[in-house]
Amino acid sequence: MASFVANTQVHGYSVGPGRRSPARRRSERKKGAGNIRKCLFILSVLLAFPPFFLSSFAQNKKAVELYKKAVDAVAQRQMPEALELFHQAVERDTGYTEAYLKLGQVYEFMRQPDQALQVYLRAIRQQPDKPGTGLAYQFVSAYQLKKGNYQVAIPYIQQYQKLFPPNSLQWKRVDRLLQTARFGAQAVINPLAVKPQPLSATVQAFPSQYFPVLTADEQTLVYTVLKPEGDEDLMVATQKGETWGPPESISAHINTPNNEGTPSLSADGRTLVFTACQGRTGYGSCDLYISRKTGNTWSEPQNLGPAVNTRSWESQPALSADGRRLYFVSDRKGGVGRRDIWCSELGEDGEWKTPYNLKSINTPFDEASPFIHANGLSLFFASEGHMGMGGYDLFVADSTASGWSNPQNLGYPINTADDQAALFVSANGARAYYSQEQSSGDGKQRSKLYVFDLPEPLRQKVRPVSYLKGLVADARTKKPLQATIELIDLTTNQLVTRVQSDPQTGQYTAVLPTGGEYALYVVGPGYLFKSLSFDFTQKREGEGLTMSVPLEPIKPADGSAPAKETLNNIFFETGRYDLEEKSRTELDRLVKFLEVNQTVKIEVSGHTDNQGGTANNLELSKKRAQSVVDYLTKAGIVPTRIKSAGYGETRPVAPNTTDDNRKLNRRIEWRILSV
């Protein structure tokens, strides 16, 4: 899968000799500093490690002389000369273990790991049980783990561990390597059925493209690209039939001559959070910014403010489907490790709240690239700390009533010995998108976008969601409307999601969780609210729905007939008129409507199908309508504003020929009598 450089806000790609992105420069400084420290450490060991440290020293005097000259060359940092002298020493005395160990360190210093491996293996064969061979075991163990040779690595790690007192700090560190090797070995022999396919060549129009995110309907793709001139920008591509259209710059307001990256989208594709590290007013080295789309125009990006952004490093955002919860990575104080995943929620005042640390997810090591699935429950992320196959692995944890579940490794070959990160899983849980680095003939790294079908064992861990999208418009004039779309869990009467339709186009997208009963309300000022009902208690697969939502004006401008609506979330037992508890959600909405529109008078009418006898149906319809009126008056609505009526089976909206049609005819309606 995708290789990942966690020290950058965007990615660790080379961007050419003339210009480097700020992400790359920071990465190079950190990576360069790390390499310098490693080289200095190796050099210090080379200089401090005395001749004849091992019990078996050279028997050949000429070999000893060459060894000493080689050590002097190391002190002068004349590595090629030292390399030659150590080789001459072991040629004179093939049992000279100390020289082999020094030779391996020189190869390490010169970044020639394959050559270092061979001489370290020779040293291990000669002195398998001596403490001085520990550095050879350390290198060979790490080398084989990095190559994914887990079974090969295990005996070396086991022998390495024996060199330290049980349960000592160093013994525990080596034990972690051993657990990694055993985990990796088991994972490799139990691979998941994963067959990545590249996205169409149309999308892959740049030297590198990475960090893909999509809308809930998978029709819009936003990702980071590396342009030939070295600029990192956000691009957008739209699905056209079965293929992707050519990518375009997401917005001149968002992309600048500086670098933008790591995008995150709301489910409807109208809220974007991304990272920028220079060129904008910020609080720290990297900050998060937000932009909102109206019609086809993205707003000028705004810094998310001091609650989210600090003087520390903030990056890699993950926005919830409704845009009201934000996960991100920061190295701010108060975390579990150096880089942790944090979460902030959008308050009712429109401000982001103080973030909290996901302490049950984070480890003393680094976490990276969170992604919250559209179901709002499954958190995918990369971690160095949870048990994996080495480096960064991808994990998933679920939000439960008692907190986050234990993170689960996604398995092989999604995870390998390389670093993995930045996985996006579709709303229906069927597909996953990612980027993968590839070496090219010019020695530079390239990255392409891929997609694969999520294997069944992982699909079982991800609760899929459906989505509802369409247009909200005036039922009479067809004019697009801005409206609030709210999804309510009928069992708990709790808000699941809230989104807005676009004020210019009326377009909306709302995520519908599976596995429950939900009421969806579309509310616009000056209009009757529209209620819809979704019963997913028997459904698991996420399925997309398209539905236009016409809203009836409270007072039609043309003076036509008064508006009416059906209350689709009023529930009665068969043949009874007692309101079921889950009807409260709908009834409270009607109460709120009447409280806001205090001059409005309405009629509540009951209707039935043609089963059960005409007289009985008429009586039942009257009693059901009266039950609704009683609820409204008990809630404080003046009785003179509400009229009750029952029409039995006399006003069907569909022929009573099928069960579905008869269900439509069994309904409670409300209509405007006067304004």
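This is a predicted model: local features need pLDDT of at least 70, side-chain atom pairs count only at pLDDT 80 or more; totals for chains, interfaces and linings use all residues.
Residues are numbered from 1 along each chain as its sequence is written, and side-chain values rest on heavy atoms, with hydrogens and water left out.

In one of them, Y120 and F139, the ring centres are 5.1 Å apart and the planes stand at 45°, so the pair is tilted. This pair links distant parts of the chain, with Y120 in helix 5 (residues 113-126) and F139 in helix 6 (residues 134-146), 19 residues apart; helices (H or I, at least four residues) and strands (E, at least two) are DSSP runs numbered from the N terminus. Y120 is buried at 0% relative accessibility, and F139 is buried at 12%, where buried means under 20% relative accessible area, exposed over 50% and partly exposed in between (1.4 Å probe, protein chains only). F593 and W670 form an edge-to-face pair, 5.0 Å from centre to centre with 75° between the planes. Since F593 belongs to helix 10 (residues 584-596) and W670 to strand 35 (residues 667-674), the pair ties together parts that are 77 residues apart in sequence, and both F593 and W670 are buried.

Strands were taken as paired if DSSP finds at least two bridges between them. Strand 14 (residues 340-345) has 5 of its 6 residues buried and is therefore largely enclosed by the rest of the structure. Strand 14 pairs in the antiparallel sense with strand 13 (residues 325-330) over 6 bridges, L326 having S344 of strand 14 as its bridge partner. Strand 14 also pairs in the antiparallel sense with strand 15 (residues 356-357), over 2 bridges, and here W342 stands opposite N357. The charged end of R332 sits over the ring of W342, 5.3 Å from its centre, the criterion being NZ of Lys or CZ of Arg within 6 Å of the ring centre and within 35 degrees of the ring normal. By that criterion K582 lies over the face of F571, at 4.5 Å from the ring centre.

Salt bridges, defined by a side-chain nitrogen of Lys or Arg within 4 Å of a carboxyl oxygen of Asp or Glu, number 26 in the whole structure. K582 takes part in one of these with E517, the closest N and O atoms being 2.8 Å apart. The two residues come from distant parts of the chain, E517 from strand 28 and K582 from the loop between strand 32 (564-566) and helix 10, 65 residues apart; E517 is buried at 19% relative accessibility. By contrast, R662 and D659, whose closest N and O atoms are 2.7 Å apart, both lie in helix 12 (residues 659-665), 3 residues or about one turn of the helix apart. R662 counts as buried at 16% relative accessibility, while D659 is exposed at 58%.

How values were computed: Rings of Phe, Tyr and Trp (its six-membered ring) pair if their centres lie within 6.5 Å; planes under 30 degrees apart count as stacked, over 60 as edge-to-face and the rest as tilted.
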